Amino acid sequence: MDISALLTSAGINIGVCVVLLSLYSVLRKQPSNVGVYFGRRLVSVCSKRSDPFSFERFVPSPSWIVKAWETTEEEILAIGGMDAAVFLRMVVFSIRIFSVAVVICFFLLLPVNYHGQEMHHKRIPLESLEVFTIANVKEGSKWLWTHCLTLYIITCSACILLYFEYKSIAKMRLKHITGAPPNPSHFSVLVRSIPQCSQETYSETVNKFFTKYHSSSYLSHQIVYRCGRVQKLMTDAEKMYMIFKASAHEQNCQPSFMQRGLCGGATNSLEIVSHETDNVSGKTGSGDFDLATIRKECAAAVVFFKTRYGAVTAAEVLQSSNPMLWVSVLAPEPHDVYWSNLCIPYRQLWIRQIGTLVAAIAFVLVFLIPVTFVQGLTQLDQLQQTFPFLRGLLKKKFMNQLVTGYLPSVILILAMYTVPPTMMLFSALEGSISRSGRKRSACCKVLYFTIWNVFFVNVFTGSVISQLRFFSSVKDIPAQLAKAVPRQASFFTTYVLTSGWASLSCEAMQFLALFCNLVKRFVLRIKDDSSNCTFSFPYHTEVPRVLLFGFLGFTCSILAPLMLPFLLIYFSLAYLVYKNQILNVYVPKYESEGQYWPIAHNTTIFSLVLSQIIALGVFGIKRSPVASGFTIPLIIFTLLFHQYCRQRFRPIFKMIPAEVLIEMDQKDEQCGRMEEMYQKLRSAYCQFTITPHELLGSESLNHHDNEKSIPDPEKLNAGLIHPMLRRLPLPGIKVIIGWLSFLLFSGNEANQLNGSSSVVHCNLDIAETSKK
């Protein structure tokens, strides 16, 4: 690829970004799009914006950029939470390190690469990109020390910035924990694999165990109930069966106010279920509607302790001589619990992890097909040999530049859209107990997948067989990387332009939410701006994207420095766009309290070490023993630095220090907040957000997602409620059953009672079949 093809790709992406961001600045001013671009708070639109003829609403403006730039980190912490602040720290770190890299590489390496060999240079737009890479430096050149020096400067700068960022974020995490209101998860422990006893329930077993072995700190517990899809169907069938069973015993029917069809006659057989469900609690004194018989207990429980320190101690110690029983971990936050996975038997987890690993590897192998096709587009000579009918078309200059400079990246990006949902599914199947843990696991999988497919598979182009041959000569990895990476620098540069710049403008536009809003308003005619469709920040897609571009920047910094300015522009634009999205669009429903920073730190260290290994191979190929000799100590220093950071900062992100927990407990005891916290613990983890009034007596069942209070599930009467289905409208079911009875009993008046009984028995058979 030459410079003109690169400029073509850059021009297309710059045009796309300018158009989309200008369109975004207009659309966000429209009152009908408040739910799309201000979903976090659904702010009231100013009077000027409510005027449909206001000229200001249809003029692009940079006001959102100014607002994002002026927002401080304290405001981000208060609005988006700890994870949002850590994510922006990743972007800021990338801006700082690549600002240093751009200055050093442009003024030191680019001249050396450009004049690396004695040759006649063309005009800059006609020059090949390889002229600006290290591949243009001749063997044995005395100027290779500049590349080694640049590598030292970038590595040392990155390590210094990483150290201070890690230290600052660790302090921020502790400050965030101590300064936040009391968190129920600090007092709670999730216990799984509870041994089953035929003489007692799981609840009794848990109470007996923790009363005996943790009597000084044990407070109470809450059993987890099955809430999967299959269990939901069985539960709903059983509930309907019980209601119909109660209806079968009704002998007296009350007059109905419904008319009988065309004849206008009255019938008294249409209010059977309505009459009996209102009195069902009085007819089932034998306990048919006890939730203990409907919601099946799992071998898992949330156990509450009197102090934070007591909860941490119980979570860390081995509870039983059999490590597969009484497995305890700190419980996630109440809104973060992934209830459906808590019922997975603990013994199945390792099988699930192996299964998802095999599935992920199979998905990687299948993904080699589009990647190999994409790399065929970048190699024009091979493409013309494979498809001779394209020779005439590819001789045109613009088509040549479009196919080699823009099309490959677009095809790869479209294929990559299937990766995040697939990895999220794999993470859910693994058995994660929290939604943030599932998203974090998916983030790691997407990161590994993108680094492997975007970098390694694209570097070693060719057939799948040549991909596998790479592993047969591991000792030659540095030399093979040193030959392959500079050749693919042009593809990585266009990938940054296409996947980076264009993706940011698409993130600002929110195409999916905008389309749904248009359908809702102009097709369904719904004018209500509701906050029920808000989303949390997609860390599992955006964190891997930011880290991937950082990875490409480090590995190609001294090999192809022409990529660095495009990366710096990407990170600068990302800082503004993501900040705006956190302020206005995404709602922090749960967070991991900064757990994404260790992922960023490990990825950066891996990027540095890989770039040093590639540089070692390049210096060996170029026959520069001095540069090679100085590179080896740099690799050792980077690994030692990483080990020091793991020992110094990583434990803070795994556990909360005991001194912090004890100080928080003492402070709460002195202020008298402990008793209040104990009362909140029983209602904090709401697996079933229902009340007895909602179950039986209410004519309208309203569910509130932020409801905090709930009685003990074992003391509630049954009703048409399920945690996955949220609620079944009981009045609506009464009306439906009434109409069905009316249609079926439109015969003679004499057989009304017998007809009513037959319908009830018919429904009983249906319910029993569903139950089976």
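Student: What should I know before reading the model?
Tutor: This is a predicted model: local features need pLDDT of at least 70, side-chain atom pairs count only at pLDDT 80 or more, and totals for chains, interfaces and linings use all residues. Residues are numbered from 1 along each chain as its sequence is written, and side-chain values use heavy atoms, with hydrogens and water left out.

Student: What is the mean pLDDT of the protein?
Tutor: pLDDT is the predictor's confidence in each residue, from 0 to 100. Here the mean is 77, and 69% of the residues reach 70 or more.

Student: Where does pLDDT stay under 50?
Tutor: Where pLDDT is low, the predicted coordinates should not be read in detail. One such stretch is residues 43–50, with 14 contacts beyond four places in sequence; a contact means heavy atoms within 4.5 Å. Over residues 690–735 the pLDDT is also below 50, and that stretch has 98 contacts beyond near neighbours in sequence.

Student: Where does α5 bend?
Tutor: A bend is the angle between axes fitted to the seven residues ending at a residue and the seven starting there. α5 bends by about 130° at G80.

Student: Which cysteines does a disulfide join?
Tutor: A disulfide is a pair of cysteine sulfur atoms within 2.5 Å. The count is 1. C298 and C343 are joined, S to S 2.2 Å. The link is right-handed, with 80° about the S-S bond. C298 sits in strand β5 and C343 in the loop between α13 and α14, 45 residues apart.

Student: Is C298 buried or exposed?
Tutor: Buried means under 20% relative accessible area, exposed over 50%, partly exposed in between (1.4 Å probe, protein chains only). C298 is buried because its relative accessible area is 1%. C343 is buried too, at 16%.

How values were computed. Helix = DSSP H or I, 4+ residues; strand = E, 2+ residues; numbered from the N terminus.
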